[in-house]
Amino acid sequence: MSSFKLTHTLSRVAAATTAVLAPVVAFAQEAAPAATEAAAAAPVPDKADTAFMYLATILVLFMLIPGLGLFYGGLVRAKNMLSVLMQCTVIGAVMMIVWVVYGYSFAFGGSTSAYFGGFGKLFLSGVTLDSTSATFTDGVVIYEYAFIAFQMTFAAITPALIVGAFAERIKFSAAVLFCVLWATFVYFPIAHMVWDGAGLIFNMGALDFAGGTVVHINAGIAGLVGAIMVGKRTGYGKDMMAPHSMTLTLVGAAMLWFGWFGFNAGSNLEASGGAVLATINTFLATAGAIVAWSLVETFTRGKASMLGAASGMIAGLVAVTPAAGSVGPMGAIVLGLIASPVCYFFVSTVKNKFGFDDTADVFGVHGIGGIIGAVGTGILTAPSLGGTGAADFSIASQTTTQIIAVAITIVWCAVVSAILYKVVDLVVGLRVPVEAEREGLDLSSHGEAAYHS
């Protein structure tokens, strides 16, 4: 081939190649800035928020072990101390596994259902080191693992709260089995309804910052149903059943208060002003409730008790939980001042009137305190009362929504819990034998004792 023909041929190939590649090059040039802009626009978790959520998560774990265990343990008789510690420990551990296997998916799995999160996140499917979860601020995210771990501690402690209602007479296997079933059919659906963007109660506009309905009303109602269905302790009303260690009860209550800052402030999901508001409200509502319970006891009994102060502490913490991020500091004090007298009335009068044996007053404190907090949130969030509501906030409308949310939680929890207690009774039996109960669950169920003389 002559050099002329070769040159001509190569020129034609080059021209054809250029013609073919020109659109590709043009597209790449156009797409590159777009891809760069998209990458730049993708929000990245802030290191401060990551550290904040880590701290909040381990604070909630501290609430469960050792906080709740010591609080409940001090309230029971010495022969049942370890049984309560064991129930809190094992239930918490089992729930952590359940949460990552299917609980997270059932609550936050991405389903558009108003009641169920779906199967999309089973075994944490799709979760990576880089995947993120939204917060309450547009464009701000946290690592999905941080959100999963934080919510896991909620899922671990909530079923454990229930055991205080039937402590000292339930089988260990029954307590664990019930809590797993209860979390599956009550806690996960309610969590989805209240906190997931597709949830029924969320879309009603109900306010529940850190779990008034999901955690406390839920656990309180389940505790009441359990206290009734499991039955009274042998010798209830005749034998001495006073708390064996108010010292441990106060230690546990103090740990709960300490950990509750993670519970409430962490629910803000960011290290921002909302977390600071939740923090000061967690101080003030609790302080108001302690003072109120002590005053009520002074006027009704002539003396303020340590048990009362500890009970008031928990009542204030429970009441402020749904309101922590939306009411002002003065509103938080009001919640505490109101919650204590009402909880005291249910613990000292209503329980005796109806004769149910709620060992650690789970219903009287968590159930009633949660209801007061949930309804009170609808009132005290109003900007005219120092809350963070919008200028067009309607107390009547919001309070009505709060009451409906409370009613849905109560009905769902009560009906499903009653069914689950019956199922557990048929499968493994709810109660230990009378002889084992008299001996104490520490020895009869676990073969060890908390104290040795």
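User: Let's start with the lining of the largest cavity. How many of its residues are nonpolar, polar and charged?

Analyst: A cavity is a space where a probe fits but cannot get out. Here, in this predicted model, the lining of the largest cavity divides into seven nonpolar residues, two polar ones and no charged ones. The residues themselves are Met 63, Ile 157, Leu 161, Val 215, His 216, Leu 256, Trp 260, Phe 263 and His 366. Helices α4, α7 and α8 (246-265) each give two or more residues to that lining. The largest share is from α8, with three residues.

User: How much space lies in the largest cavity, and how many cavities of 30 Å³ or more are there?

Analyst: The largest cavity holds about 50 Å³ of space. The count of cavities of 30 Å³ or more comes to three.

User: Which classes make up the lining of the largest pocket?

Analyst: The lining of the largest pocket has 15 nonpolar residues, 15 polar ones and five charged ones.

User: What can you tell me about the second largest pocket and its lining?

Analyst: The second largest pocket has a volume of about 720 Å³. Of the 30 residues that line it, Leu 307, Val 347, Lys 351, Thr 359 and Asp 361 lie nearest the centre. Five helices each supply at least two lining residues: α2 (47-75), α9 (273-301), α10 (306-320), α11 (329-354) and α12 (362-380). Helix α11 has the largest share, with five residues. By class, the lining of the second largest pocket has 14 nonpolar, eight polar and eight charged residues.

User: Let's move to single residues. Is Glu 297 buried or exposed?

Analyst: A residue counts as buried when its relative accessible area is under 20%. Glu 297 is buried because its relative accessible area is 6%. You can find Glu 297 in helix α9.

User: Where is Gln 398, and what does its side chain reach?

Analyst: Gln 398 lies in helix α13 (residues 395-427). With 13% relative accessibility, Gln 398 counts as buried. Its side chain reaches the backbone oxygen of Gly 205 at 3.0 Å. Beyond its neighbours within four places in sequence, Gln 398 is in contact with Gly 205, Ala 206, Leu 207, Gly 378 and Phe 393.

User: Where is Gly 211, and is this residue buried or exposed?

Analyst: Gly 211 sits in the loop between α6 (200-204) and α7 (212-230). It counts as buried, because its relative accessibility is 0%. Not counting residues up to four places away in sequence, Gly 211 touches Trp 195, His 216 and Thr 321. Gly 211 and Gly 373 are 162 residues apart in sequence, yet 10 Å apart in space, C-alpha to C-alpha.

User: What about Ser 83 in helix α3?

Analyst: Ser 83, in helix α3, is buried, with a relative accessible area of 1%. Leaving aside neighbours within four places in sequence, Ser 83 is in contact with Leu 441, Asp 442 and His 446.

User: Last one: which domain does UniProt place on this chain?

Analyst: The unreviewed UniProt entry places the feature "domain: Ammonium transporter AmtB-like" at residues 51-451. In the model, that span is 68% helix and 1% strand, and its end C-alpha atoms lie 39 Å apart.

How values were computed: Residues numbered from 1 in each chain as written. Predicted model: local features only at pLDDT ≥ 70, side-chain atom pairs only at ≥ 80, totals over all residues. Heavy atoms only, no water. UniProt positions renumbered as here; feature names shortened; annotations may be inferred. Helix = DSSP H or I, 4+ residues; strand = E, 2+ residues; numbered from the N terminus. Buried < 20%, exposed > 50% of the residue type's maximum accessible area, 1.4 Å probe, protein only. Polar contact = N/O pair within 3.5 Å; in protein donor to acceptor, adjacent residues only side chain to side chain. Contact = heavy atoms within 4.5 Å. Nonpolar A, V, L, I, M, F, W, Y, C, P; charged D, E, K, R; others polar. 1 Å grid on protein atoms, 1.4 Å probe; cavity = no way out; pocket = protein on both sides within 12 Å on 5 of 7 lines; lining within 4 Å. Points joined across faces, edges and corners; volume = space filled by probe spheres on them.
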